[in-house]
Amino acid sequence: MKKNLVETVLGAMVVIAALGFLIFAYSKAGLTTFEGYEIFGKFDRIDGINEGSDVRMSGIKIGTVTHQELDPISYVAILTIRVKENVKLPLDSSIKIVTDGLLGDKYVSITPGADEIMLKPGEEIEHTQGSVDLISLFGRMMFGNSIGNKDRAKNGPK
């Protein structure tokens, strides 16, 4: 009987520790939704961005990506983001997709403009910059230079 009681108490402690860990992980993951207003932007590439990705300004999370879709006519990606209600964005603000470090997660970064008119809910941020494909850049840098050097060797310096 004493052995069963010890096992039961130990099992209960493990379950409580697991629940505590899950609550801690959920609070640190930033999965909470933002109350605020939605705006959208059109991008040529949104590699690495998903619904739930961070939206940051000056490195501080101010919103989240709520929806992504492909425009069937122009074939551009449309991102809908929800921004905190107390963050007002000037009309000439810009938005781009950046990487957190060299190989980190991607997020949406907003740079505020200087216009006195603020974006209204549902409006579009017109100044956008899509994600950069690092593999293609490295490939162009590596192979582009070697091709250029071969051409110079054939034709001489310009």
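Student: Is Asp54 buried, partly exposed or exposed?

Tutor: Happy to look with you! Asp54 is partly exposed, with a relative accessible area of 22%. Here buried means under 20% relative accessible area, exposed means over 50%, and partly exposed is in between, using a 1.4 Å probe and protein chains only. Before we go on, please keep in mind that this is a predicted model: local features need pLDDT of at least 70, side-chain atom pairs count only at pLDDT 80 or more, and totals for chains, interfaces and linings use all residues. Residues are numbered from 1 along each chain as its sequence is written, and side-chain values use heavy atoms, with hydrogens and water left out.

Now for the partner of Asp54. Arg56 forms a salt bridge with Asp54, and their closest N and O atoms are 3.3 Å apart. A salt bridge is a side-chain nitrogen of Lys or Arg within 4 Å of a carboxyl oxygen of Asp or Glu. Arg56 has a relative accessible area of 18%, so this residue is buried.

Arg56 also forms a salt bridge with Asp100, where the closest N and O atoms are 3.9 Å apart. Asp100 lies in the loop between β5 (94-99) and β6 (106-111), while Arg56 lies in strand β2 (residues 54-57), so this pair ties together parts that are 44 residues apart in sequence. Helices (H or I, at least four residues) and strands (E, at least two) are DSSP runs, numbered from the N terminus. Asp100 counts as partly exposed, at 43% relative accessibility. Salt bridges that share partners join Asp54, Arg56, Lys61 and Asp100 into one network.

Let's step back for a moment. The structure holds six salt bridges. One of them links Glu38 with Arg82, with the closest N and O atoms 3.1 Å apart. Glu38 sits in strand β1 (residues 36-43) and Arg82 in strand β4 (residues 77-84), so this pair, too, ties together parts that are 44 residues apart in sequence. Glu38 is partly exposed, with a relative accessible area of 30%, and Arg82 is partly exposed as well, at 25%.

Buried residues make up 25% of the 158 residues in the protein. Among contacts with a separation of 6 or more, 62% come from residues 24 or more positions apart; a contact means heavy atoms within 4.5 Å.

Phe21 counts as exposed, at 58% relative accessibility. Together with Val15, Leu19 and Leu22, Phe21 forms a nonpolar patch on the surface, with about 430 Å² of accessible area together. Patches are made of residues with over 30% relative accessible area and no salt bridge: like charges are joined within 9 Å, and nonpolar side chains (Val, Leu, Ile, Met, Phe, Trp, Tyr) within 5 Å. Accessible areas come from the Shrake-Rupley method with a 1.4 Å probe, and for residues only the protein chains shown count as cover.
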